[in-house]
Amino acid sequence: MGRKLLLEHINEPGIQTFDVYRQKGGYRAVEKALKSMSPDDVVEEVKKSGLRGRGGAGFPTGMKWSFLAKPEGVPRYLVCNGDESEPGTFKDRYLMTHIPHALIEGMIVSSYALGANTSYIYVRGEMMPQIRILERAIAETKAAGLLGKNILGTGYDLEIYVQPGGGAYICGEETALLESLEGKRGNPRIKPPFPAVAGLYGCPTVVNNVESIASVVPIINDGGEEYAKIGIERSTGTKLISAGGNVKNPGVYEIELGVPVEEFIYSDEYCGGIANGKRLKALVAGGSSVPILPANLISKTINGDARLMTYESLADGGFQTGTMMGSGGFIVFDEDQCIVRNTWNFTRFYHHESCGQCSPCREGTGWMEKVLYKIEHGQGSIADIDLLWDIQRKIEGNTICPLGDAAAWPVAAAIRHFRDEFEWHVLHPEESQSRNYGLAHYADPIKPVAQ
Amino acid sequence: MAEEVVKFKVTIDGIPVEVEPGTTILNAARQIGGDIVPPAMCYYSKLEGTGGKCRTCLVKVSKGSEKDPRPMPKLVASCRTTVMDGMEVQNITSPDVVEARKGVVEMLLINHPLDCPVCDQAGECKLQDLGYEHGDEGTRYEFERRTFERIDIGDKIQLHMNRCILCYRCVFVANQLTDEREHGVLNRGDHSEISTFIHKALNHDFVGNVIDVCPVGALTDKTFRFKNRVWFTKPVDAHRDCPTCAGKVTLWYKGDEVLRVTGRKDEYGEVEEFICNTCRFETKHTSDWTLEEPTPVDHESVIGANHYLNFNPPSVIHEDKKLQLANEEQLARTERLK
C-alpha cells in the first residue's frame, strides 16, 4: 500500500468543510510556514523536496519559484492553474471537489513563499460546482482568520480570488491563462518575457498547477527531505493519476512515483486490470498530448527494463519508444479500440481548441483532422499517411505555444507505432468500416536492440 | 568624454553586422538587406507588439551568443527574438528553415481562396510574393476551404475574411488608434475571424490604415475596388497640407485620374507614416496635391513590370515555333513596344 499524502483523508465524511479538515491536521503547514519559516526557507524546502510541476511539463517547482523576479515596489502574483482540460485528465477536478482546503492551504503557503499578497485560482468555466466549492472554502478560511489581513497575527496579508475561465483548452497554457485572467482573448503570449519577469498585469507571476500547489502542504509539514524519500531519483513524491479507458476500476489514484506501470494497470489496488477480460492494446500515459505506446512497450522499455511510473522511465527511449508523464491522464485501450479513430478524435479536439494565432497550428490541426477523417472512413490512400506525417512534422516546434506540439505528438506516435493499422484502413476500406484491426502483433515481445 | 556605444555583433548567413542591443534578428537582417532578410507577414515595425504569429520569419540560431554558444533548440521567430552578442543565425543557409518556411506557406494557403484574378490586392500582395519566393508549387490540400460572408466595415472599407491570414496587424492598428476594443478577432482556430463589435462600423480618422497594413486582400478600399489592376496604375509620391496627418502619400494614377491614395510604403511594404481618411478617400484630384516624383518601384515587382519597357519574352519562346504561334498576339504587341 503506497503512502497517501494528498488523498490521505479523502474518505473522511465532511472533509470538504473547514472544521473537519482542520481537525484532521489541516492548516498545520500554514502555521508552521508563517510562524517559524521565512519565505526563502519555504522555497528552499520545496527545492529540497524535488517536487516537479504536476501540470504536464514536469519543471521543478522550487526552481520555477526561485526564478521569480523581485523588483522593489511591484506586486507579485501566484496564479493557480485549475484550467484542467486535457482529455483523459481529471485529477485536479477531483482534488478541488473533495478536498478544496488542501488547495487553499497550499495557496497560502506558496503565496507566502513568493511574497504575493493577491493570488488567483483560475478554474475552467465548465467546472462551476468546483468554483462554488472553492469560493465557499475561501469564505470559511477567511472566517477562521487564516486568510485576509494579518494572518495568524504574523502581519502577512493575502487575498485569494477564484476566476472562472471561458472553457478554452488553450487557457491552460500559462501565458494564455494570464491574458484571459486580465480579461483579454486567451491567446498565448510570445516568450520571452517569461511570466516570472512580466506576467499578470506585467508583474512577476508564478503559475502552478493545482496538484503542485497542494503538494506543497505535505512538503512543509514533513520537510522537503522526507518528501524526497518517496519516489525514485528525480521523480519524487506522490502523484495523482486519473486512470480511464478500458480498465476495471477507473478513477483518481494517488501513487508513489516509481510504481511499475504493469502493477498500476493490473493490481487490484489501482486499475484492477483490463475490463471484461480483454487484452491490453495501447496506452496513453499522461493525457492526450503525449505519445501513445503499443502494448509491447508498456511494461518494458526498449532495453528490457521494467517501465515505472516516473518522469524518467516513461520518457525512456525518447519519442522513438517512450512517452511522457504529462499531466497523469492515464488512458488504457483494449484490443477492441481503433487507434486511427482515436487519433482522429484527439486531433478533432486540437483542431477545435487551437487559438488560431499562429499559422501552422491554426491551419495544420484542421488539415490533420480532415486527413484522419478520410482515412478512418475508408477514403484514404497510402500517400495520405505520409502527408499526415509531413504535416505533423511541420507543426511541431514551429508554433508559439506547446499546443502545436501537443497536437503533433499523438499523430506522430500513432503513425510510428501503428502504421500497419493505418495501412490496413487504406487497403481494406470496406472491412475497416465493419470491424476493428484488433490487437494484431502489438503485444508481441520486441527483440532487444543490439547495441 | 564620449559615451561608449555598445554594439552587438551578429552573423546572419555568414554576413556579420553590428547592431544596437535590443534589435531583433529580423531588423538586423534588414540592416544587411538582400536575400537573407526573412519574409514577415505579421510583423510591422510601426506597430508595437506585432509579430510572432505567422511563423514565416523562422530562423535557426546556430550559436546563442559569445557567452553561451549553445544553439537554440527550436527555430525562433526572428521578428520577436532579440540579438545577443556573437549570435550566429542561419536563414536561407539552413535546410531546416527553408523546409519549415515551405510548410508555413503551405499552411497559410490551404484556406486561402486563391482568387487572385478577382482580388484587388493582386500585384502588391505579400502572400503572392511569399508563395512565389518560398512556397512549393501545387498544393496537397484537397478539402473544402473555410468561407465567410463579406462584411462592410464602414462605408469605405470592405473585409473579405476568406483571404485573411490572421496576421492581427489591423487589430493592432485599431487597438492603438482607439481606446475601445471594437475591432478584434472572434472565434478560435481556423474558424477565427476578424470582425468589429457586432458589425459596428469603425469610425476613426485614421482607420483607413487597416487597408495599408493588410498584407493580403482581406481589407480593401471600397473606393478603389474593381477600378483597376494595380500593375496598370502608376504610383507617384505627393504631399498636401493636411491638418490631421503628415499628408505624405502615394497617388496611383491611371492616365490623368487618381484611382487611389495610399501611404508611402518602403521595400518591406510598411508605410512610413499613417495617413488620415480624408487624404485617403476624399482627395482624389491632382489639384489637391503637390506632386513630387514617381515612386521608386522594385524592378521585380509586377508594378514595375507594367511599363513593358524592358519586356522580353522568355528565350524558350524564341526557340520554339509552336510557342511562337501560341503567343503570336502577345509577341506582336511586344514588337510594337520596342
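Modeller: Contact means heavy atoms within 4.5 Å. This is a predicted model: local features need pLDDT of at least 70, side-chain atom pairs count only at pLDDT 80 or more, and totals for chains, interfaces and linings use all residues. Side-chain values use heavy atoms, without hydrogens and water.

Colleague: What covers the buried residues of α2(A)?

Modeller: The cover includes α3 (39-49), α6 (100-114), β3 (148-151), β4 (156-164) and α9 (210-222) of chain A. Helices (H or I, at least four residues) and strands (E, at least two) are DSSP runs, numbered from the N terminus.

Colleague: Which residues of α2(A) are called buried?

Modeller: A29(A), V30(A), A33(A) and L34(A), within residues 28-36. Buried means under 20% relative accessible area, exposed over 50%, partly exposed in between (1.4 Å probe, protein chains only).

Colleague: Why do they count as one side of α2(A)?

Modeller: They cover an arc of only 110 degrees around the axis, so they lie on the same side. The arc is taken from the directions from helix axis to C-beta atoms. K35(A) and S36(A) are exposed on the face turned away.

Colleague: What makes D405(A) and K74(B) a salt bridge?

Modeller: Their closest N and O atoms are 3.9 Å apart. The rule asks for a Lys or Arg side-chain nitrogen within 4 Å of an Asp or Glu carboxyl oxygen, so the pair qualifies. Six salt bridges are found across the interface of chains A and B.

Colleague: Which helix gives the largest share of the side of chain A that touches chain B?

Modeller: α15(A), with ten residues. The contact takes 37 residues from chain A and 34 from chain B.

Methods
Residues are numbered from 1 along each chain as its sequence is written. Chains are lettered from A and ligands numbered from 1 in the order in which they are written.
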